[in-house]
Amino acid sequence: MLRDPYTYVTLSLSPGNPANVGISFYSPELRAGAEVLDSGRPYFAITSPSVDVTVSTTAAGPVTPRDVEIARQIVRAASRYLAECERLIEQQADSNQLALPGVDGSVA
């Protein structure tokens with residue numbers, strides 16, 4: 001079952017606890033990028049037509065060792081996501097080839 005693309009955002013507020021924001025992208029309209037501001041501060045962003053998420057240095061200040069570790073975590077997670085997407089697209093292509101010869105299941 002195919003669904004239309006969407007972005008899902010939740011906000012949870014509970015007295016005495018920090019707010020919790022959850023963002024899930026299910027859209028081909030995503031863009032990912034990284035830039036360095038004129039101040040020299042780097043940032044990483046994931047954007048869609050409806051929501052933007054930006055990651056930058058601790059307290060918007062100088063880069064810390066923890067900032068470097070977070071950047072490494074982003075790279076590792078993105079690499080795993082890429083590998084899984086590539087594996088699945090290849091698997092889907094193989095499955096589609098098996099469904100031939102007439103694409104719609106008919107014999108050519």
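Which residues lie nearest the centre of the second largest pocket? The legends below answer this and visit several other places in the structure.

**Figure 1. The whole protein at a glance.**
This is a predicted model, in which local features need pLDDT of at least 70 and side-chain atom pairs count only at pLDDT 80 or more, while totals for chains, interfaces and linings use all residues. Residues are numbered from 1 along each chain as its sequence is written, and side-chain values use heavy atoms, with hydrogens and water left out. The protein has one helix and five strands, and from the N terminus on they run β-β-β-β-β-α. Here helices (H or I, at least four residues) and strands (E, at least two) are DSSP runs, numbered from the N terminus. Of the 108 residues, 7% count as buried; buried means under 20% relative accessible area, exposed over 50%, and partly exposed in between (1.4 Å probe, protein chains only). The accessible surface comes to about 8,900 Å², with 58% of it belonging to carbon and sulfur atoms. Such areas come from the Shrake-Rupley method with a 1.4 Å probe, and for residues only the protein chains shown count as cover.

**Figure 2. The second largest pocket.**
Here is the reply to the opening question: Pro42, Phe44, Val55, Asp67 and Ala71 lie nearest the centre of this pocket, which is lined by 15 residues. A pocket, on a 1 Å grid over the protein atoms alone, is an open set of points where a 1.4 Å probe fits, with protein on both sides within 12 Å along at least five of seven lines; lining residues have an atom within 4 Å of a point. The volume of the second largest pocket is about 230 Å³, taken as the space filled by probe spheres set on the points, with grid points joined across faces, edges and corners. Strand 3, strand 4, strand 5 and helix 1 each give two or more residues to the lining. Helix 1 gives the most, with six residues. By class, the lining has 11 nonpolar, two polar and two charged residues. Ala, Val, Leu, Ile, Met, Phe, Trp, Tyr, Cys and Pro count as nonpolar, Asp, Glu, Lys and Arg as charged, and the others, Gly among them, as polar.

**Figure 3. The largest pocket.**
About 540 Å³ of space lies in the largest pocket. Its lining holds 15 residues, and Phe25, Leu30, Ile46, Ala78 and Tyr81 lie nearest its centre. Two or more lining residues come from each of strand 2, strand 3 (31-36), strand 4, strand 5 and helix 1 (65-98). The largest share, four residues, is from helix 1. Sorted by class, the lining of the largest pocket has 13 nonpolar, one polar and one charged residues.

**Figure 4. A pair of tyrosine rings.**
The structure holds one aromatic pair. The rings of Tyr6 and Tyr26 have their centres 4.8 Å apart and their planes at 35°, so the pair is tilted. For this label, rings of Phe, Tyr and Trp (its six-membered ring) pair if their centres lie within 6.5 Å; planes under 30 degrees apart count as stacked, over 60 as edge-to-face and the rest as tilted. Because Tyr6 lies in strand 1 (residues 6-12) and Tyr26 in strand 2 (residues 20-26), the pair ties together parts that are 20 residues apart in sequence. Tyr6 is partly exposed, with a relative accessible area of 33%, and Tyr26 is partly exposed at 46%.

Ser48 sits in the loop between strand 4 (42-47) and strand 5 (52-56). Is Ser48 buried or exposed? Ser48 counts as buried, because its relative accessibility is 11%. Leaving aside neighbours within four places in sequence, Ser48 is in contact (heavy atoms within 4.5 Å) with Thr7, Phe25, Glu29 and Leu30. Thr7 lies in strand 1 and is partly exposed, with a relative accessible area of 23%.

Ala59 is not a glycine, yet has a positive phi of about 55°. Phi of Ala60 is near 55°, also a positive value in a residue other than glycine. Ala59 counts as exposed at 77% relative accessibility, whereas Ala60 is partly exposed, with a relative accessible area of 48%.
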